[in-house]
Amino acid sequence: MNIHRFESLILSELKYVTESILTKNAMPNISAKARAGAEISDLLEKQFVIETQNHTYFKKSQYSPEGATKNPWDAMTYFCIKGHEELVWIDFKAVKVSSADSNPDIGTPDKIINLINQGYFYLAYIFVYYEETENGLKFVKNEDDELVKIYFLKDINATFRRNPKNQLQVNISAQPQNRTRAEFINILFDKIVESHKRQIEISEKKLKEIEDSKIKNKLLIENEKQEQQIKKI
């Protein structure tokens, strides 16, 4: 099967399932306060498993273990077609419409590297949107009139970056850019190298500032003055 067609089929089926969940849970019993994102993700991952119990393509779906905050996926499933089983990791992202211009962390590059080393490739980001109501929240469409925005990490917008915490970041509103799997591996490692070079440059600049300012000696002199004052008490 053509790779692009294979990927498009996975995404379209994931989107259909997620839209079905949102339609059935349009106004969930969740407060739009601090932990709304985590609670929405918990709802979606559990409902995803329910919705795919008898799915044509998705088999053996699981949701993230309770309390496993470091789990690499919110839900996982196997996309099964013509005897082939493709593991798909799913990362649900709940976005408050008033915060649709933020740059959240979306996971470490190690996560996708480990997945590829296992013989698979697909980590899907599924964005859903909500707004606060008097009694909680409701799911709404984004500025592109979509209930669900979905793409594979391999197709992330080229403006993504790796930050010093070893987390990938991208603007929520940035549109995905279709690329081959090989192209993604190349751009991922380019971004990792760029990030480490930035960190080296920042550290070297800071070291030079410290050396030039002789700040340590100044602190030692100031400390000596303070100690002498204490000794006079």
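**Exercise 1: the pocket**

Find which element gives the most to the lining of the largest pocket.

*Solution.* Helix α2 does, with seven residues. Before going on, note that this is a predicted model, where local features need pLDDT of at least 70, side-chain atom pairs count only at pLDDT 80 or more, and totals for chains, interfaces and linings use all residues. Residues are numbered from 1 along each chain as its sequence is written, and side-chain values use heavy atoms, leaving out hydrogens and water.

Step 1: a pocket is an open set of points on a 1 Å grid over the protein atoms alone, where a 1.4 Å probe fits, with protein on both sides within 12 Å along at least five of seven lines; lining residues have an atom within 4 Å of a point.

Step 2: the lining has 37 residues, and S41, T69, D74, D91 and K93 lie nearest the centre of the pocket.

Step 3: at least two lining residues come from each of α2 (36–51), β3 (84–96) and β4 (122–132); these are DSSP runs, helices being H or I of at least four residues and strands E of at least two, numbered from the N terminus.

**Exercise 2: α1 and α2**

How do the axes of helix α1 (residues 3–24) and α2 cross?

*Solution.* Step 1: they cross at roughly 110 degrees and come within 10 Å. Axes are lines fitted to C-alpha atoms over the stretch in contact, with angles from 0 to 180 degrees between N-to-C directions.

Step 2: α1 and α2 are therefore roughly perpendicular, a label for 65 to 115 degrees.

Step 3: for contact (heavy atoms within 4.5 Å), L14, V17, S20, I21, L22 and K24 in α1 meet L44, Q47, F48 and E51 in α2.

**Exercise 3: α3 and α4**

Which residues of α3 meet α4?

*Solution.* Step 1: α3 (residues 109–117) and α4 (residues 181–213) pack at about 145 degrees, axes 12 Å apart.

Step 2: P109, I112, I113 and I116 in α3 meet F184, I185, L188, F189 and I192 in α4.

Notes: Angles under 35 degrees count as roughly parallel, over 145 as roughly antiparallel, 65 to 115 as roughly perpendicular and the rest as oblique.
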